[in-house]
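Hi everyone, thanks for making time for this. I'd like to walk you through a structure, so please have a look at it before I start.

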Amino acid sequence: MKGAKMMGEKIGFIGLGNMGLPMAQSLLSEGNEVYGVDLNKDAEAALLRSGGVIGLSINNIIKQVNFIFTSLPSMKAVEEIYLGEEGLITKGREGIVLIDTSTVAPSLNQKLAEEAKKKRIHFLAAPVSGGVIGAENRTLTIMVGGPKQAFEQSQPLLNILGENIFHVNEHIESGTAVKLINNLLIGFYTAGVSEALNLAEKSNINLAQLFEMLNVSYGQSRIYERNYKSFIANEDYRPGFTLQLLNKDLGFALDLAKEHELQLPVSELLLNIYKHAENEGYGSQDMAVLYEKVKNDQTKNAKETGMKE
């Protein structure tokens with residue numbers, strides 16, 4: 001059950017992409033005033049149609065609000081939005097709460113937290129899981145690292161965005177660590193589904209029937225259901241979560257392992273699989289497209305073997 005929600009608050013939202021826009025719209029739906037910014041003017045226009053406010057500079061938004069969320073696609077974008085000349089921390093004021101829902105390297109979480117502390121700005125690293133569907137349905141899982149006081153202050157807003165809100169601990173990177181572990185498992189599941197379904201096809205097993213059987217067996221998983229029903233069965237790989245983004249997060253997870261002097265040999269092999277897939281042009285499609293890469297590789301190998309024979 002969700003806890004209390006905050007209504008009537010003025011909120012900034014930077015980054016109105018596939019995740020950010022529905023999150024900002026959810027905040028609007030509870031009677032909050034949301035000031036949005038995105039490089040994509042169509043995204044800003046969509047927020048305006050939902051009742052949001054656009055057209056203000058980040059500096060002006062900082063003066064208007066007590067909370068600012070960010071949902072950004074890359075490390076570079078996050079660092080620029082927070083630490084650039086017109087950045088949220090650079091121009092921020094004492095007491096404002098900044099909540100980054102992006103998935104970045106833990107080292108960047110730490111850097112931003114250190115800079116925010118110097119200016120007595122509250123900063124939370126709060127990556128989310130659940131994809132675009134979760135953002136639209138307000139069922140996200142949100143894993144928060146940072147000061148407990150700032151978390152408790154922000155929780156009524158987080159309760160609007162998701163169903164499962166966790167304060168991991170006060171280490172700023174703790175939520176990110178959980179998110180990276182989550183996505184590492186997603187990488188395993190996606191690769192396993194891709195290879196297993198190709199094996200099934202070669203064994204003349206109907207994939208729809210296979211799903212019915214495995215969905216009531218230990219082979220069932222939420223990623224299997226997602227990848228098969230939403231993408232593979234429809235042969236439609238328009239992205240909910242791109243293979244490129246998954247590859248990025250797997251890289252961050254392996255970097256985190258190195259920081260702790262851990263060797264994850266199977267995970268390293270997994271990362272190489274996704275790197276090759278991205279290099280071969282699959283990166284902009286949904287991660288479920290790995291199934292097609294496995295199939296195409298099998299076809300290519302069969303042809304090469306036939307030519308040699």
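When I say that residues touch or are in contact, I mean heavy atoms within 4.5 Å. What you see is a predicted model, in which local features need pLDDT of at least 70 and side-chain atom pairs count only at pLDDT 80 or more, while totals for chains, interfaces and linings use all residues. Residues are numbered from 1 along each chain as its sequence is written, and side-chain values use heavy atoms, with hydrogens and water left out.

Let me begin with Asp286. Not counting residues up to four places away in sequence, Asp286 touches Arg226, Phe231, Tyr237, Arg238, Pro239, Gly240, Phe241, Thr242 and Leu243. Where does Asp286 sit? It is in the loop between helix H12 (265-282) and H13. My helices (H or I, at least four residues) and strands (E, at least two) are DSSP runs, numbered from the N terminus. Asp286 is buried because its relative accessible area is 0%; buried means under 20%, exposed means over 50%, and partly exposed is in between, with a 1.4 Å probe and protein chains only. The side chain of Asp286 also reaches the backbone nitrogen of Phe241 at 3.0 Å.

Which residue's side chain makes a polar contact with the side chain of Tyr291? The partner is Glu201, at 2.7 Å. By polar contact I mean a pair of N or O atoms within 3.5 Å; within protein, one must be able to donate a hydrogen and the other to accept it, and residues adjacent in sequence count only if both atoms are side-chain atoms. Leaving aside neighbours within four places in sequence, the contacts of Tyr291 include Ser194, Leu197, Asn198 and Ile232. Tyr291 and Val193 are 98 residues apart along the chain, yet their C-alpha atoms are separated by 7.5 Å.

Next, the annotations. UniProt, in an unreviewed entry, places the feature "active site" at Lys179. UniProt positions are given in the numbering used here, feature names are shortened, and annotations may be inferred rather than shown by experiment. In the model, Lys179 is found in helix H8 (residues 174-202). Is Lys179 buried or exposed? Lys179 counts as buried, because its relative accessibility is 7%. Beyond four places in sequence, Lys179 touches Thr103, Pro127, Val128 and Met143.

The unreviewed UniProt entry also places "domain: 6-phosphogluconate dehydrogenase NADP-binding" at residues 10-167. Over residues 10-167, the chain is 44% helix and 23% strand, and the end C-alpha atoms are 23 Å apart.

Here is a residue from that part of the chain: Thr70, in strand E3 (residues 67-70). Thr70 is buried because its relative accessible area is 0%. Its side chain makes a polar contact with the side chain of Asp100, at 2.7 Å. Outside its sequence neighbours within four places, Thr70 is in contact with residues including Ile14, Ile81, Tyr82 and Leu88.

Helix H4 (residues 75-83) and helix H5 (residues 106-118) pack at an angle of about 0 degrees, with their axes 11 Å apart. That is why H4 is roughly parallel to H5. The axes are lines fitted to C-alpha atoms, for helices over the stretch in contact, and angles run from 0 to 180 degrees between N-to-C directions. Angles under 35 degrees count as roughly parallel. Met75, Val78, Glu79, Tyr82 and Leu83 in H4 meet Leu108, Lys111, Leu112 and Glu115 in H5.

Finally, some backbone angles. Most residues other than glycine have a negative phi. Arg138 is not a glycine, but has a positive phi of about 60 degrees. Arg138 is in the loop between helix H6 (131-137) and strand E7 (140-145), and counts as buried because its relative accessibility is 17%. Glu261, also not a glycine, has a positive phi of about 55 degrees. Glu261 lies in the loop between helix H11 (243-259) and H12, and is exposed because its relative accessible area is 73%.

That's my tour, and I'm happy to chat about any of it.

Technical notes
Angles under 35 degrees count as roughly parallel, over 145 as roughly antiparallel, 65 to 115 as roughly perpendicular and the rest as oblique.
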